[in-house]
Amino acid sequence: MKPPKPHIPPKAYIKAFVLGCDPTAFGADGNHRVFEFVFDLKGDKRYFASILKNLEAVGLCLDCIYVQNLVPDYQAKETAKNKNWPTIAAHEIPFRKQEFDSIDPSSKLPVFLTSQHLYKVLLNDDLKPKTPAALYAEASPIQASENKLGRPLVALYRHYKYAVIKYPEYQEMIKKNILNL
């Protein structure tokens, strides 16, 4: 199966990157759902709906974000059930770094993480990951010096429990300190 394409707006309009884990999803028949674009952006909106709500809550829209998966290829199991995912993901980090750096050589554009799995694999090996609740409560980004992509990382998790509107201080931190809105 061919990997889904990233969502790429015009370079001049990109204000941030959104990073998913991988495209793996299964239908009721047990077969892979195959997407043309990451998160099935041109098809079934459910995969990206909660992410888009979070983005809109901080003043962003689909026209100004570059969306990609850390692992671009389909996997045998969904991320949470795939014990090999951290190893596979670690292999892909240099490729995503190169891809993002080619778009933003300054490394200033933030990467919004859609899952705790991403945070854990991207965090520098000498650092201990924080819980999602701690990340949101601290209302500060993961610094470029603390992660393998070398740019600010911001948890913007898909799970409804972490809808950014439920965390006003976190929402304001993103608007003022990350996006300078």
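**Salt bridges in the predicted model**

E92 is buried, with a relative accessible area of 12%. Its salt-bridge partner is R96, and the closest N and O atoms of the two are 3.4 Å apart. R96 is buried as well, at a relative accessible area of 8%. Both residues belong to helix α2 (residues 85-103), where a spacing of four residues separates E92 and R96 by about one helical turn. The model examined here is a predicted one, and it holds eleven salt bridges.

Side chains of opposite charge can pair when their charged atoms come close. A second case is the salt bridge between K148 and D125, with 2.8 Å between the closest N and O atoms. This pair links distant parts of the chain, 23 residues apart: K148 sits in the loop between α4 (132-138) and β4 (153-155), and D125 in the loop between α3 (116-122) and α4. K148 counts as partly exposed, at 27% relative accessibility, whereas D125 is exposed, with a relative accessible area of 69%.

Helix α5 (residues 168-178) carries both K175 and E172, which are three residues apart, about one turn of the helix. Their side chains meet in a salt bridge of 3.8 Å, N to O. K175 is partly exposed at 24% relative accessibility, and E172 is partly exposed too, with a relative accessible area of 32%.

Technical notes
Residues numbered from 1 in each chain as written. Predicted model: local features only at pLDDT ≥ 70, side-chain atom pairs only at ≥ 80, totals over all residues. Heavy atoms only, no water. Salt bridge = Lys/Arg side-chain N within 4 Å of Asp/Glu carboxyl O. Helix = DSSP H or I, 4+ residues; strand = E, 2+ residues; numbered from the N terminus. Buried < 20%, exposed > 50% of the residue type's maximum accessible area, 1.4 Å probe, protein only.
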